[in-house]
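Have a look at the model first.

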Amino acid sequence: MSTSFHNSSFGKVAVLMGGMSAEREISLMSGTGVLQALKSRGVDAHAFDPSLRDIGSLKAEGFDSCFIALHGRFGEDGTVQGALELLGIPYTGSGVMASSMAIDKVMTKRVLLAEGLPTPKYVLLRRGAYSAADIDAVPAALGLPLIVKPAREGSSIGLTRVVNVQEMAAAVEQAAKLDADILCEQFVAGDEVTCPVLGSGPAAKALPVIRIVAPEGNYDYQNKYFTDTTQYIVPCGLPAGEEAAIQDIVLKAYRTLNCRGWARADVMIDKATRKPYLLEINTSPGMTGHSLVPMSARAAGLSYEDLCIELLKTAALDYKQEGAA
């Protein structure tokens, strides 16, 4: 596809990056990569940090569409999507409702369970509304080890793997500093995998599954972004049929939440039963040098630059405004 086509097709594009969430640093890394990729293909792309500039200026400055490279709150949670809907500027990724549901891990679980899709058991604690007895009851309900994390943060921020009851209170306190809702989740021992999806509705397709092998099984913020010791295995090397089964449930979850454009689902495979369990769906995945969607796309024959162009092509609005072309 020629550069001139891209220029005439996409017009002036804002790459939204940075933002106000705890994942600001990662968003700046993602956005810088996307910006460079789009520019390398002749797109008239510009960096735009909504934490530093009035988002209303996107319209005043004549932007035709937005590539959302924001992560976490005020970027992946439906808020910026709603602002862009009001401005009438098409954007990449899921719409308002899908974004707001998917960032909330508890709401995601409720929807998945209602649709019969597998996800680990959980207990919800609300900041200011739980007692010491409530905290002590969690290990009895879920078993040990278990996971404690804020309901609406990404990149493993605020996540603790609790291995004994004495660690529970501190883990809950740490998560409560970041969110009013604290998700306590059954720990599934086994293979950790992730599976991206591109497209929308019936045309959505799952990309190759990546198997993640982190040091001591600890795939935390540091091991996600700032070390080279975590192994990402693609092709994933899973037993025959397992990759297809994972892609199938990920696609079902993606469509159930009405995601569009792209997303990435994280899955744990129980080592004893080989049953996959959906953990969460990221509707604005990372695009850094360590990120998994570009890695999976490469395995499917799609370069980083081509991936960015394909994602930009999907920029859309939930609601077409009256009188719009």
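Buried means under 20% relative accessible area, exposed over 50%, and partly exposed in between, with a 1.4 Å probe and protein chains only. This is a predicted model, where local features need pLDDT of at least 70 and side-chain atom pairs count only at pLDDT 80 or more, while totals for chains, interfaces and linings use all residues. Residues are numbered from 1 along each chain as its sequence is written, and side-chain values use heavy atoms, with hydrogens and water left out.

Q: Is Phe 63 buried or exposed?
A: The cut-off for buried is under 20%. Phe 63 has a relative accessible area of 7%, so Phe 63 is buried.

Q: How do the rings of Phe 48 and Phe 63 pair, stacked or edge-to-face?
A: Rings of Phe, Tyr and Trp (its six-membered ring) pair if their centres lie within 6.5 Å; planes under 30 degrees apart are stacked, over 60 edge-to-face, and the rest tilted. Here the centres are 6.4 Å apart and the planes sit at 80°, so the Phe 48 and Phe 63 pair is edge-to-face.

Q: Which strand holds Phe 48?
A: Helices (H or I, at least four residues) and strands (E, at least two) are DSSP runs, numbered from the N terminus. Phe 63 is in the loop between helix H3 (57-60) and strand E3 (65-68), 15 residues apart from Phe 48, which is in strand E2 (residues 44-48).

Q: How far from the ring centre of Phe 63 is Lys 12?
A: A charge sits over a ring if NZ of Lys or CZ of Arg is within 6 Å of the ring centre and within 35 degrees of the ring normal. Lys 12 lies over the face of Phe 63, and the distance to the ring centre is 4.5 Å.

Q: How many residues apart in sequence are Phe 67 and Trp 262?
A: Phe 67 and Trp 262 form an edge-to-face pair, 6.4 Å centre to centre with 65° between the planes. Phe 67 lies in strand E3 and Trp 262 in strand E12 (residues 262-270), so the pair ties together parts whose separation in sequence is 195 residues.

Q: How many disulfides does the structure hold?
A: A disulfide is a pair of cysteine sulfur atoms within 2.5 Å. The sulfur of Cys 66 is 15 Å from the closest cysteine sulfur, in Cys 308, which is too far for a bond. For Cys 259, the nearest cysteine sulfur, that of Cys 195, is 13 Å away. The number of disulfides is zero.
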